[in-house]
Amino acid sequence: MPTILLLTPISPVAWLPVAIFLFGIGNVPAIFLVFITIFFAIVLSTAAQLEGVPRSFLNVARIMGANRNQMFWRVVFPSILPALFMTLRLNLFAAWMVVLIAEAVGVGSGLGQITSVARSTFNAQLTFFTMAVIGVLGFTFDWGLRLVQRKLLWWVEPTGGAAR
């Protein structure tokens, strides 16, 4: 955990030269940056959620004869999953921004590169159009993740309330 806490505050954009050095130009550095962007937040969130599992849940599972494997899959995992989905949703936007930044500086091609070209050529219409596409795609990704969340977390109310 000390290594994770040491590396967490480093901006994903600061990893860009490392990604280019390790992987060259192309899509792989952008994928690496997305991984770096979400990895630390998910690890820290998971650790916090694991500590937050109510002891009474674990005690009841032990009393009912659950082994370690059953306790993880039937008690711990369902307890932390709703918060992990929220962490994923929040990090989706951060990862999306990092991909666009990586594309804008020439690591790959895509909407970030189009925005960068539109900015450098003072093409306001293309800039705003690309921004609109980025917003709609981000909204669509979040909507899709919320659908998956609703299907997988059937016991959680859409408002985040208790079990049905």
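This is a predicted model: local features need pLDDT of at least 70, side-chain atom pairs count only at pLDDT 80 or more; totals for chains, interfaces and linings use all residues.
I take buried to mean under 20% relative accessible area, exposed to mean over 50%, and partly exposed to mean anything in between, with a 1.4 Å probe and the protein chains only. Residues are numbered from 1 along each chain as its sequence is written, and side-chain values use heavy atoms, with hydrogens and water left out.

**Entry 1: aspartate 142**

I looked up aspartate 142 and found it in helix H7, residues 124–152, where helices are DSSP runs of H or I with at least four residues, strands are runs of E with at least two, and both are numbered from the N terminus. Aspartate 142 counts as buried because its relative accessibility is 7%. Its side chain is joined to that of arginine 89 by a polar contact of 2.7 Å; the term covers a pair of N or O atoms within 3.5 Å, where within protein one must be able to donate a hydrogen and the other to accept it, and residues adjacent in sequence count only if both atoms are side-chain atoms. Not counting residues up to four places away in sequence, aspartate 142 touches Arg89, Leu92 and Phe93, contact meaning heavy atoms within 4.5 Å. I also noted that aspartate 142 and alanine 19 are 123 residues apart in sequence and 26 Å apart in space, C-alpha to C-alpha.

**Entry 2: two residues of helix H5**

I then turned to asparagine 91, which sits in helix H5 and counts as buried, at 9% relative accessibility. A polar atom of the asparagine 91 side chain lies 2.8 Å from the backbone oxygen of threonine 87. Residues up to four places away in sequence aside, asparagine 91 touches Thr37, Ile38, Ala41 and Ile42.

Phenylalanine 85 also has its place in helix H5, and its 7% relative accessibility makes it buried. Leaving aside neighbours within four places in sequence, phenylalanine 85 is in contact with Leu145, Val148, Gln149, Leu152 and Leu153. Between the C-alpha atoms of phenylalanine 85 and valine 156 I read 12 Å, for a separation of 71 residues along the chain.

**Entry 3: the cavity**

Which residues line the largest cavity? I searched the whole structure and found one cavity of 30 Å³ or more; on a 1 Å grid over the protein atoms alone, a cavity is a set of points where a 1.4 Å probe fits but cannot get out, and lining residues have an atom within 4 Å of a point. The largest cavity holds about 30 Å³ of space, a volume being the space filled by probe spheres set on grid points that are joined across faces, edges and corners. Its lining consists of Pro12, Val13, Leu16, Leu33, Val98, Ile101 and Ala102, and helix H5, residues 68–104, gives the most to it, with three residues. I sorted the lining by class and got seven nonpolar, no polar and no charged residues, with Ala, Val, Leu, Ile, Met, Phe, Trp, Tyr, Cys and Pro as nonpolar, Asp, Glu, Lys and Arg as charged, and the others, Gly among them, as polar.

**Entry 4: aromatic rings**

I found eight aromatic pairs in the structure, where rings of Phe, Tyr and Trp (its six-membered ring) pair if their centres lie within 6.5 Å, and planes under 30 degrees apart count as stacked, over 60 as edge-to-face and the rest as tilted. Phenylalanine 39 and phenylalanine 40 form an edge-to-face pair, 5.3 Å centre to centre with 75 degrees between the planes; phenylalanine 39 is partly exposed at 31%, whereas phenylalanine 40 is buried at 7%. The pair of phenylalanine 72 and phenylalanine 77 is tilted, because the planes are at 35 degrees, with the ring centres 5.9 Å apart. Phenylalanine 72 is partly exposed at 33%, and phenylalanine 77 is partly exposed at 26%. Ring pairs also link Trp15, Phe23 and Phe32 into a cluster.

**Entry 5: phenylalanine 122**

Lastly I checked phenylalanine 122, which has a positive phi of about 55 degrees although it is not a glycine. Phenylalanine 122 lies in the loop between helix H6 (111–120) and H7, and is exposed, with a relative accessible area of 75%.

Technical notes: On a 1 Å grid over the protein atoms alone, a cavity is a set of points where a 1.4 Å probe fits but cannot get out, and a pocket is an open set with protein on both sides within 12 Å along at least five of seven lines; lining residues have an atom within 4 Å of a point.
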